[in-house]
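Hi everyone, thanks for making time for this. I'd like to walk you through one structure, so let me put it up on the screen.

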Amino acid sequence: MAFTNQDLRKAGLKVTLPRVKILELLEQAELHHMSAEEVYKALIEQGEDVGLATVYRVLTQFEQAGIVERHNFENNLSVFEITQDEHHDHLVCDVCGKIVEFHNQTIEKEQIKVAKENGFKLSGHSLVLYGICNNQECKDSAK
């Protein structure tokens with residue numbers, strides 16, 4: 001989902017250069033999940049004059065506006081991704097921290113079934129599976 005300057009205004013945010021640059025970076029990121037520090041480093045590499053505190057503040061504003069989602073995986077590092085129209089879950093490598101998004105209709109149906117069996121109507125959920133990815137270094141370190 002691509003966000004525009006108009007979307008920032010609708011969210012009650014002024015269109016500022018740091019906000020636009022951070023939004024562009026997150027939308028174009030090869031890795032969909034970036035920490036505030038990774039966003040900051042990428043902006044510095046692009047020659048942008050922005051402080052780490054500004055990055056944190058903008059990401060928090062984006063989260064509150066529903067533009068990004070914050071995930072806190074077991075490594076205690078917050079990562080951010082652009083809010084997507086379709087729900088997905090995550091696989092996280094215990095060694096390198098690689099994050100893979102996936103959607104599995106069977107899992108989705110089972111979660112609804114379990115909730116219903118226990119008298120719940122789901123309003124949302126978060127599923128994170130942890131393991132070792134197929135990177136040889138990760139496999140070797142897990143031995």
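Helix 3 makes a right-handed crossing as it passes helix 4. Please keep in mind that this is a predicted model. Helix 3 covers residues 36–45 and helix 4 covers residues 52–65, and their axes come within 9 Å, crossing at roughly 125 degrees. An angle over 145 degrees would count as roughly antiparallel and 65 to 115 as roughly perpendicular, so helix 3 and helix 4 are oblique to each other.

Which residues meet there? From helix 3 we have A36, E37, V39, Y40 and L43, and across from them L52, V55, Y56 and L59 in helix 4. Sorted by class, this contact has 8 nonpolar residues, 1 charged and no polar ones.

Now, on to the core. The largest nonpolar core has 23 residues, and I22, L26, V39, V55, F62 and I67 are those with the most contacts inside it. Helix 2 (17–28), helix 3, helix 4 and strand 2 (78–82) each give two or more residues to this core. Helix 2 gives the most, with 5 residues.

Beyond its neighbours within four places in sequence, L26 is in contact with M34, V39, L59, V68, F80 and I82.

Then there is L23, which is found in helix 2. Is L23 buried or exposed? Its relative accessibility is 4%, so L23 counts as buried. Setting aside residues up to four places away in sequence, L23 touches F3, L8, F62, I67 and I82. Take L8 from that list: L23 and L8 are 15 residues apart along the chain, and their C-alpha atoms are separated by 9.7 Å.

Thanks, and I'm happy to take questions!

Terms used
Residues are numbered from 1 along each chain as its sequence is written. This is a predicted model: local features need pLDDT of at least 70, side-chain atom pairs count only at pLDDT 80 or more; totals for chains, interfaces and linings use all residues. Side-chain values use heavy atoms; hydrogens and water are left out. Axes are lines fitted to C-alpha atoms, for helices over the stretch in contact, and angles run from 0 to 180 degrees between N-to-C directions. Helices (H or I, at least four residues) and strands (E, at least two) are DSSP runs, numbered from the N terminus. Angles under 35 degrees count as roughly parallel, over 145 as roughly antiparallel, 65 to 115 as roughly perpendicular and the rest as oblique. A crossing is left-handed if the near helix is turned anticlockwise from the far one by less than a right angle, and right-handed if clockwise. Contact means heavy atoms within 4.5 Å. Ala, Val, Leu, Ile, Met, Phe, Trp, Tyr, Cys and Pro count as nonpolar, Asp, Glu, Lys and Arg as charged, and the others, Gly among them, as polar. A nonpolar core is a set of buried Ala, Val, Leu, Ile, Met, Phe, Trp, Tyr and Cys residues joined through side-chain atoms within 4.5 Å. Buried means under 20% relative accessible area, exposed over 50%, partly exposed in between (1.4 Å probe, protein chains only).
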